[in-house]
Structures are given as C-alpha cells and as structure tokens.
Amino acid sequence: MFGKKSVAKQPVKSSKVLPPGKYRMGGEHFKDDAAFIRTAVQDVQRLEAYCGLTTDSRLLDWGCGAGRLAVGVRERFVAEGGRIADYHGVDIQPELIEWADANLAGPGFRFTLLDVANERYNPDGTPERTLGAEPGSVDVFYAYSVFSHMNDDDTPAYLRLIADALSPSGRAFVTCFVEEDVPGWEENPDGYGPLEWKGRLHCTRFARWHFEDHVNGARLAVDRFEYGRETDGQSLYVLRHR
Ligand SMILES: C[S@@+](CC[C@H](N)C(=O)[O-])C[C@H]1O[C@@H](n2cnc3c(N)ncnc32)[C@H](O)[C@@H]1O
C-alpha cells in the first residue's frame, strides 16, 4: 500500500520490557512505569467492555507510538496465558515503530511504519492517507490522543477510512478535545487545558457539533460519549457503523 514501509518482524525480547521514557508519547502522564502499564491495561479493559475486544479480535492501534496499548494487551491477555488474534500498531514516527518492532513484536503482535504526513509528527510524509488496514478487517480500532493532533481536513478523511476499515460489528475507540460553544476547529487554543501548547498541532480542539458532523459524514454513529476524562481533558468517543 502506498505510504507504507514494511518493518521486519523480530521475536519478543522480554515479557516485561517497556519503551524508554524518550519514546513515550503523552507528556509526563506516561513517564512513570506503573502508570504506563496501568493506563494501558485499563484501556484494554475498556476496549473489552465498550468495544467487545476478545482474544479473537483484530485490533488496530492507530498512532500507537512505541506500543503503550500493546503492553496493555500483553499484560492482560498474554501474561494470563492467552494471545490475541491480531494486534497491529501503526505510526508515522520511525524510531518509535523500530523500537516497538524490535521489542514488542511476536506472535499476534505486529507494527507498521506509515510514511504519511502530519504537520507535527511527520511533516515531510506523503499526503496520501492510509491506516494500513484492508477494508472490513478491523474489529476494534483504537486511537488514543491522535485526533488531538490533527487538522480539520485530515480528520473527516481519516474518519471515512476508519469506517472503511471496520468490520460490520466493529467499534472505534477514539479520544479528542471537544467542547460546546467554541469554534468548529482550533489549533493550540489560548488558555485551554492544563498545558502551554507549543508548535504545530500540539492541541487541536473541535466543537462537539463539528466533530460529530465529521462522524456522521463518515457514516459512523456515536455509541458512547464521555466528556473530558481522558489525558489533558480529552473526551472519549466509541463509534460504530451507522
Ligand atoms: C500523543 S501520541 C499518542 C500515542 C499513543 N496512542 C498513546 O496513547 O500512548 C500521538 C501519536 O499519533 C501518531 N500519529 C499522528 N498522525 C498519525 C497518522 N496520520 N497516522 C498514524 N499515526 C499518527 C504520532 O506519531 C504519535 O505517535
């Protein structure tokens, strides 16, 4: 597929290995090892409860970073003696995918580098968008803190790709900044949230109606909405086919 670079699969090096701090996305939140593992396991449990994730699922972790969710899947399923049918982590930052592939790939776990453009993380990537997934091949789609760094052209386009990738009963778990009574889309809004936003797409915030218009335009529906309880005040959406 265009924009996709294959990364050779390596055996799992250690059942307890974690990404080094410099490769952990999400600011200070995930620097602490215990918090890193705990949030990952909790997200796997939420994927089970909200999206029907099981060991038979095909799980796509879009914007996987160095594989935080993969650590959660490993702790929750593999450490209990099971395995997952397919965990696929994709990201656009080569060093993160290289680390994850060298340290977390193995039976049921794979990582793919996508050389697509994002003004913050990969400004020189190709403008041709891809999720690295075949149509209808994803049972559970996870995008934690990815739409929080996305422009207002990419967002509806990627929501349409998510709809294409989801299996008929598939669910997408995504987080983003949404508020009532704000402009449709803004980059690094002044005085918003706990951080001082710096650089392109550090924080992208949507009006709730605007993000949900994009969801509807992609022929997706909102299955669950939880306001403001995710990292830095992001909200959670669970999406399904309409
Ligand atoms: C804030 S980090 C979140 C990492 C991970 N989801 C987590 O929760 O630990 C956002 C990630 O999204 C990735 N990203 C941004 N745009 C992307 C795109 N178009 N396709 C794939 N990954 C993307 C970035 O490279 C970055 O690793």
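Modeller: What follows describes the boundary between the domains in this predicted model. The chain is divided into domain 1, made of 33–46 and 54–113, and domain 2, made of 115–129 and 142–242. Their C-alpha centres are 21 Å apart. Across the boundary, 13 residues of domain 1 are in contact with 17 residues of domain 2. Together the two domains bury about 1,200 Å², and 61% of that area is on carbon and sulfur atoms. On the domain 1 side, Arg46, Trp62 and Ile92 account for 57% of the area buried against domain 2, more than any other three residues.

Arg46 also has a charged partner: it forms a salt bridge with Glu230, with the closest N and O atoms 2.8 Å apart. The count of salt bridges between the domains is one. Polar contacts link five residue pairs across the boundary, counting pairs with both residues at pLDDT 80 or more. In terms of secondary structure, the elements that each give two or more residues to the domain 1 side are helix H1 (33–51), strand S2 (58–62) and helix H2 (68–78). Of these, S2 gives the most, with five residues.

Key:
Residues numbered from 1 in each chain as written. Predicted model: local features only at pLDDT ≥ 70, side-chain atom pairs only at ≥ 80, totals over all residues. Heavy atoms only, no water. Domains from an automatic or database assignment. Contact = heavy atoms within 4.5 Å. Buried area = accessible area lost by both parts, 1.4 Å probe. Salt bridge = Lys/Arg side-chain N within 4 Å of Asp/Glu carboxyl O. Polar contact = N/O pair within 3.5 Å; in protein donor to acceptor, adjacent residues only side chain to side chain. Helix = DSSP H or I, 4+ residues; strand = E, 2+ residues; numbered from the N terminus.
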